[in-house]
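Please examine the sequence and the three-dimensional model shown here. The explanation below leads from the overall fold to individual side chains.

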Amino acid sequence: MTFDDYFVDEMEEGKFKTFKHEHFFKEINGVTIMTDQLHYETPFGIIGKLFDTLFLKKHLIYFLLERNKTLKKIAENK
């Protein structure tokens, strides 16, 4: 895998226990497809897991989808 088809954002310090956001790119029939993989752990044990289940996971999915729409518009100059 090369920089042309992959990059990663990884938290070094912050509010999450761990946070790694990977971006994979591939070209299919002249169209670039980006796939995100998000791996994270919340702190605070069972309370963090409950917060993740009830709120955080849905928020992060929504955030990534909206951000990707914006990136697509910028990349396509629309």
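The following paragraphs treat confidence, the sheet, the helix and the aromatic pairs in turn.

This is a predicted model, in which local features need pLDDT of at least 70 and side-chain atom pairs count only at pLDDT 80 or more, while totals for chains, interfaces and linings use all residues. Residues are numbered from 1 along each chain as its sequence is written, and side-chain values use heavy atoms, with hydrogens and water left out. The pLDDT, which is the predictor's confidence in each residue on a scale from 0 to 100, averages 92 over the chain, and 95% of the residues score at least 70. Confidence in the chain is lowest in β1, with a mean of 92, and highest in α1, at 95.

Helices (H or I, at least four residues) and strands (E, at least two) are DSSP runs, numbered from the N terminus. Three strands make up an open, antiparallel sheet in the order β1-β2-β3; two strands are taken to pair if DSSP finds at least two bridges between them. β1 and β3 are the edge strands, each pairing on one side only. From one strand to the next, the twist averages 15°; axes are lines fitted to C-alpha atoms, for helices over the stretch in contact, and angles run from 0 to 180 degrees between N-to-C directions.

Five bridges connect β1 and β2 in the antiparallel sense. Val8 has Glu22 in β2 as its bridge partner, and Tyr6 stands opposite Phe24 in β2. Between β2 and β3, which also run antiparallel, there are eleven bridges. His21 stands opposite Leu38 in β3. β2 and β3 form a hairpin with two residues between them, and Asn29 in the turn has a positive phi of about 50°.

Helix α1 (residues 45-75) lies across β2 and β3 and runs at about 155° to β3. Asn68 is placed in this helix. Leaving aside residues up to four places away in sequence, Asn68 touches Met34 and Asp36, where contact means heavy atoms within 4.5 Å. The side chains of Asn68 and Asp36 also make a polar contact at 2.6 Å. A polar contact is a pair of N or O atoms within 3.5 Å; within protein, one must be able to donate a hydrogen and the other to accept it, and residues adjacent in sequence count only if both atoms are side-chain atoms.

Across the whole structure, a search finds five aromatic pairs. Rings of Phe, Tyr and Trp (its six-membered ring) pair if their centres lie within 6.5 Å; planes under 30 degrees apart count as stacked, over 60 as edge-to-face and the rest as tilted. The pair of Tyr6 and Phe24 is tilted, because the ring centres are 5.1 Å apart and the planes lie at 50°. Since Tyr6 lies in strand β1 (residues 6-10) and Phe24 in strand β2 (residues 18-28), this pair ties together parts that are 18 residues apart in sequence. Phe24 is partly exposed, with a relative accessible area of 22%; buried means under 20%, exposed over 50%, and partly exposed in between (1.4 Å probe, protein chains only).

Phe16 and Tyr40 have ring centres 5.8 Å apart and planes at 75°, so their pair is edge-to-face. This pair links distant parts of the chain, 24 residues apart: Phe16 is in the loop between β1 and β2, and Tyr40 is in strand β3 (residues 31-41). Phe16 counts as partly exposed at 22% relative accessibility, whereas Tyr40, at 19%, counts as buried. Ring pairs join Phe16, Phe19 and Tyr40 into a cluster.
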